[in-house]
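Please open the structure in a viewer and keep the selection tool at hand.

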Amino acid sequence: MTTKLSINELESSFAKIKGLELLIGKIVEEEWDEIVGPTPYPSITDLRTWDHRLLQRYEPFYSPLCDMCCLCTFGKCDLTKGKKGSCGIDIRSQQGKIVLIACLMGAACHATHARHIVNYLIEKKGRDYPIHLGEEIELEAPLIRLVAGIKPKKLGDLEEVLDYIERQITHLLSATATGQEESYIDFESKALHAGMVDNVALEVADIAQISALRFPKGDPDAPLVDLGMGVIDKTKPVILCVGHNVAPGSEVINYLEKSGIYGSVEVAGICCTAHDLTRYSTGAKIVGPLSRQLIFVRSGVADVIILDQECIRTDIIDEAKKVGTRVITTIDQVCAGLPDMTKSPIESIIKELVSGSVPAVLIHDPAKAGEVAVKVALEIAPNRRARIVSDEQEVLDAILRCKDCGRCRRNCPIDLPINEAVYASHEKNFDLLAEIYNQCLLCGRCESECPEHIPIVSAIRVAAMEKIRNEKYKIRSGRGPIKDTEIRKVGRPIVMGEIPGVIAFVGCANYPNGNKELVEMADEFAKRRYIVVASGCAAMDIARYKDEDGQTLYEKYAGDFDAGCILNTGSCVSNAHIIGAAVKIANIFANRKLRGNFEEIADYILNRIGAVAIAWGAQHQKAASIATGANRLGIPVILGPQGVKYRRAYLGRADKKENWIVYNARTGEKVYAGPAPEHLLYVTESKEEAIVTAARLVMRPNDTNKGRMIKLSHYIDLHQKLYGILPEDLHLFVRTEADLPLTMKDQLLKMLKKRGWEPMELPDPTLLERQIIRRE
Amino acid sequence: MSATPWQIGDVPGPKQAHILRPEVFPKIVKTLKRPLIVVGSRKEVSEDKDIANNIVIMAKSMNSPLVVSPSVFKNFMKFKDVKVVCMGIEDLVNHLKEKEWKGFDDKGNYDSILFVGGVYYFQSQMLSTLKHFAPHLKTFSMDRFYHPNAEFSFENMSEVRWVQEFRGMVETIKSSSVS
Ligand code: SF4
Ligand code: SF4
Ligand code: SF4
């Protein structure tokens, strides 16, 4: 923990000091006059009381994926039927431990990403390079201000925040070792802490790159850029960047620009690196989310692949080798067994790669990797046709070996009837395979199970070739943060409930039925004038569908943070701005102090800001840690059915009135405020359930009558439209008659009376005793 | 007897479901005091009128309410002489795992939960929750997939065979409830 000594004013015979703060080993010039709240740089236990308060209402709900524990040499321990492991742990705490480990993996990924990008930018621009997110953004780092209690002004200021994050991750990880933490509730409190530091790491990474690279700075009109497997111009040399760290990819663009040949080489990306490449340069292209990785690499279109960090398939180098694509890995997290050629002369690296004697190398220097990638791509691209022998005939022959044994389906994570599709092509019917392309995760698990070794993903590619060629979409490039001016405009209507809610589509591409459902959800909420935000793979997948007018949702809706708009903040690290927007509302609209004041702000968000995230295809551990961080701040998250494999939800019980008591800050009285929001982390089985659940979870105790009326109108309407009936739990959300939508008032009142409904008070809600203004 | 999970990797550990034979199930059904049937969101099951009808007949014969996953609830709302509840399955399971829960009729928790029509991997995890945290309940999977996390599960079978077996089973349950 950093020790902070503040000197407001000191005058002595040798010095006069004003507004100085000393941190161990570091002097921070302080111009921020906001008083420091109770928890700057919180330790693992500083926010434990808040966590326990949340977890009492939103009990952890576990769905173990595995009944065994094999974390130490006592194991395997069977934890079924209430049995304990040799170390004394039971299944509940063991699940809490696994969840914490997952959140730490996610937080560690974001922390290393942030560290790498900050180091890279400091090396390029210097420690004193200013953090600047544009003229309309004064509140540049809501999460850093809130958690760390500092106001970062320069790139160098971010280093101490990273030191803090890394320390927390180490301490938390040690708690997962055998013989450390034992209580599931405290594992969860630690997971919430991991989630919080994860969110801060996101912010560090993104404000550093927005400031020092030429990314849009909160621009609602960020340019529309190309996305899709069909947008890559194959007549040019193609460099594909995969992962999350934009440094090497941006150096490719730098080198091309410097050489005056940008435009004659395609620079494309998969996963979040792609987002950030288009934020860096609109000439870059997005192939798609991480699900496109295997199929695109197998196409052999890429001449060179640059790998950075996270979400990289571990078989990608083998796949690339098969089609003669050269690979450069660039970050120490992914060394892939490759020779380290960072210090070798550029010309010799190029020679080895071009000749293919060394088809894949590790280069730890982004600028060098960028230059090598360009030079190699230019040399080998002309021979691409010769390099890639079309596998079409081979695939068609292989399909004939299918015995319809069904093992492929039984190894498919989403149970697609892939066996039927493969078998149908015996009769030259490729329609089923082409159809399955729309839902398929393109993960390849089916083919690794096939006893006939049929390359099923390649078969899907061959069958869906026409569709793939036509995959040409537009996405608004990631705009980054929400402007302070936008927050000023929508803060009041959001807090009062008059804008029905903020719905954020976040996370990965592990969908149960393809991306179309995600598009339908986003469209539904935008049409209803919710504020719709998107990031990461979800933001890309929202673009991967055109309406009857040939438009994507980004062309149809404006990119402002306002009712009825859809905006893309950018890559995974830009999730910081979605979470940060809620914090900004508390500060800019409601004047709540941020500095080291986590509990109060979380309490404000939980009770007043109707923001909900939908992680429809959540897959990675990073999505778990981001969501858990959002949860600690009082933002509910809805997961698609695959999210059940995170093994843990945070569920409320609407029927337990005692769980929904809040303080009325005006009087200090304890009052029932209804189950709003009902859950903090909930797994839905279908798109319909996710939509209706989101419409329910945006309700907050602080909603005005008018606000609640608007929220209830949507909830009732969606419930009727998608489930066919009026909501049975309506009585829980109607506080007074004035909450009822006018057109249905009589009908609903009758229904409520049958349920024994009675009006309730509208409190000034808080869970924190210290927020009570006056006691009666 | 042993069976392999429908999803090959869905191996939870040493405790796996006993195989439930459709022809034996009607006898077991008679021993259940407070059953609850849970219908998941798979459209192949709920949108097939014959199957939906058979599920309702089964519920009626067993005097069991039906909890239906919201997205397919419309297929069941027309049935009047059986209690049909529209509820998210994770929310339901969260209630079921509390032994003292009062149920939908205020008469207390159920003693046996019969699942049908769920998305395989989602249902598997719901069964896992109940296996670990609801020792007061017996769980049955009546789908055509072997679900190791249930206490009793049908083994893997083809769609065609399952429809036949399910129909036959419901017929027996119905006639034995009348007799
Ligand atoms: S950590 Fe505990 S439960 Fe896990 S294997 Fe070791 S003794 Fe068994
Ligand atoms: S596993 Fe292979 S042989 Fe079996 S059905 Fe699937 S594609 Fe055909
Ligand atoms: S590639 Fe598609 S069909 Fe094959 S296992 Fe993955 S999701 Fe299923």
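**A tour of selected contacts**

Begin by selecting Glu728(A), which is partly exposed with a relative accessible area of 49% (buried means under 20%, exposed over 50%, partly exposed in between, with a 1.4 Å probe and protein chains only). This is a predicted model, in which local features need pLDDT of at least 70 and side-chain atom pairs count only at pLDDT 80 or more, while totals for chains, interfaces and linings use all residues. Residues are numbered from 1 along each chain as its sequence is written, chains are lettered from A, and side-chain values use heavy atoms, with hydrogens and water left out.

Arg755(A) is partly exposed, at 44% relative accessibility.

Next, select Glu447(A) and Arg298(A), whose side chains form a salt bridge of 2.4 Å, N to O. Glu447(A) belongs to helix 17 and Arg298(A) to helix 8 of chain A, 149 residues apart (helices, H or I, of at least four residues and strands, E, of at least two are DSSP runs numbered from the N terminus). Both Glu447(A) and Arg298(A) are buried.

Move on to Lys622(A) and Glu310(A), a salt bridge with its closest N and O atoms 2.9 Å apart. Here, too, Lys622(A) and Glu310(A) are buried.

Finally, select residues 661-664 of chain A, which are strand 21; this strand pairs with strand 24 of chain A in the antiparallel sense over two bridges (pairing requires at least two DSSP bridges between two strands). Within strand 24, Pro765(A) is the bridge partner of Asn664(A).

How values were computed:
A salt bridge is a side-chain nitrogen of Lys or Arg within 4 Å of a carboxyl oxygen of Asp or Glu.
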